[in-house]
Amino acid sequence: MCLAIPAEVVQIEDEMATVRIGDALRKTSLILLPDKAELGDYVIVHAGFAIHKIDPEEAAESLRLLRELASFASEEDHG
Amino acid sequence: MEYLDEYRDPEAAKSLIETLHRRSPFDRQIRLMEICGTHTVAIFRSGMRQLLPDWIRLISGPGCPVCVTASEDIDRSIWLSRQPEVIITTFGDLVRVPGSSSSLHRERSRGADVRVVYATLDALRIAEENPSKQVVFLGIGFETTAPTVAAAIRQAAAQGVDNFSVFSAHKLLPPAMRALLDSKDLNLDGFICPGHVSTIIGAAAYEEVVSRYHIPCVVTGFEPLDILHSIHLLVDMVLKREAKVINQYRRAVKWEGNLAAQRLIDEIFEPADATWRGLGMIPGSGLKIREKWSTFDAVKRFAMPVIEVKEHPGCKCGEVLRGVMTPPECGLFRKVCTPGDPKGPCMVSSEGTCGAYYRYQG
């Protein structure tokens, strides 16, 4: 099952990282990650491997689209 | 938590649902299928099924890897666990799936060495720690799991771990989507495409399905607002009679996917025909280990016999996986098939449709 929660990179040693997922710390391999991970980055982890580094700009843009849709909806409610 | 709480805002969810209600009534149902077990669970857990307008029908498809694994592959895994000096390593879900006459769980109580691991590299470590044993990893999973298995095989080769092998029963989702659409009895209007499978294969991987079948696809995140956003995007396209791929889950999915992981899959595996529970044989929908890496292929290392498969006669897992039947329509559901005593894999797995119905919507 996919772990839907993004993990924060808190330590890096060669190709392994320690990530924080919620309150838990986990060892995660970085060998499948195309981008270089740095401390404080958020990554998507699947079964012990980081598979994607979250791009904060992409995240902000998609959240903006989402909020736009939701606020447009609530404006209609009250309008 | 970062990248999480903002996608769970109940006020925003409420307004997204209300907007959908204002669009009704339609002259027909809009049928959307999710093909990822994590989406199935997220949809049930959020309670949104009861809140959506009744002209939107969410259908759970073959998105649970354990559930779609063919009975013969379950039986072959059980056969492997009975071989002398073998340690079976697997993700947890598979252990309790009933085969024709046993399960890995039952074999373990009879003395088989079956170990649940969190990651494929843990399986490799067990092989290193037990040089006199044969350690087999059961490769059950979609495109998200395949690169992690490929990484373990490559590392085993690099470190000379020759008592490690993989039973590859991996499945690829786009061929299964084509098979579902070819079956004609589903009348789907759109796909809620999986999140982390798409992290690997990219949103671009659905373009072929979209152009061939003219069906909208939205790559979707796992939080309630992600899923509601995706439903909006799909409904928009259905109404405009448009079909394209939209990537709603841009924070975790690139258009082209994870190219490093794709290259690794391609290095170790090649596409192969595969049998899915409920869908039958689908050409090119599986992955087999390439000849170059065949020393790590459990199928080559062990002379597996042909096993005659017996499934529970009343189990409708196959129909549930194809989305043509809901769990409560199965005669076994809740009566004799429960998470405590499952008759089929869809009830065993935490992400199986029957398990989700049992827990969240009795």
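D14(A) takes a positive phi near 50° in the hairpin of strand 1 and strand 2 of chain A, a hairpin with 2 residues between its strands. (Strands are DSSP runs of E, at least two residues, and helices are runs of H or I, at least four, numbered from the N terminus; two strands pair if DSSP finds at least two bridges between them.) Strand 1 covers residues 7-13 and strand 2 covers residues 16-21 of chain A, and they pair antiparallel over 5 bridges. Here I12(A) sits opposite A17(A).

This is a predicted model, in which local features need pLDDT of at least 70 and side-chain atom pairs count only at pLDDT 80 or more, while totals for chains, interfaces and linings use all residues. Residues are numbered from 1 along each chain as its sequence is written, chains are lettered from A and ligands numbered from 1 in the order written, and side-chain values use heavy atoms, with hydrogens and water left out.

Follow chain A onward: strand 2 also pairs with strand 3 (residues 24-29), antiparallel over 6 bridges. M16(A) has S29(A) as its bridge partner. This hairpin has 2 residues between its strands, and G22(A) in the turn shows a positive phi of about 65°.

Now hop to chain B. Its 4 strands make an open, parallel sheet in the order 4-3-5-6. At the edges are strand 4 (113-116) and strand 6 (164-168), each pairing on one side only. Strand 3 (residues 86-90) is joined to strand 4 by 4 bridges, with I88(B) opposite V114(B).
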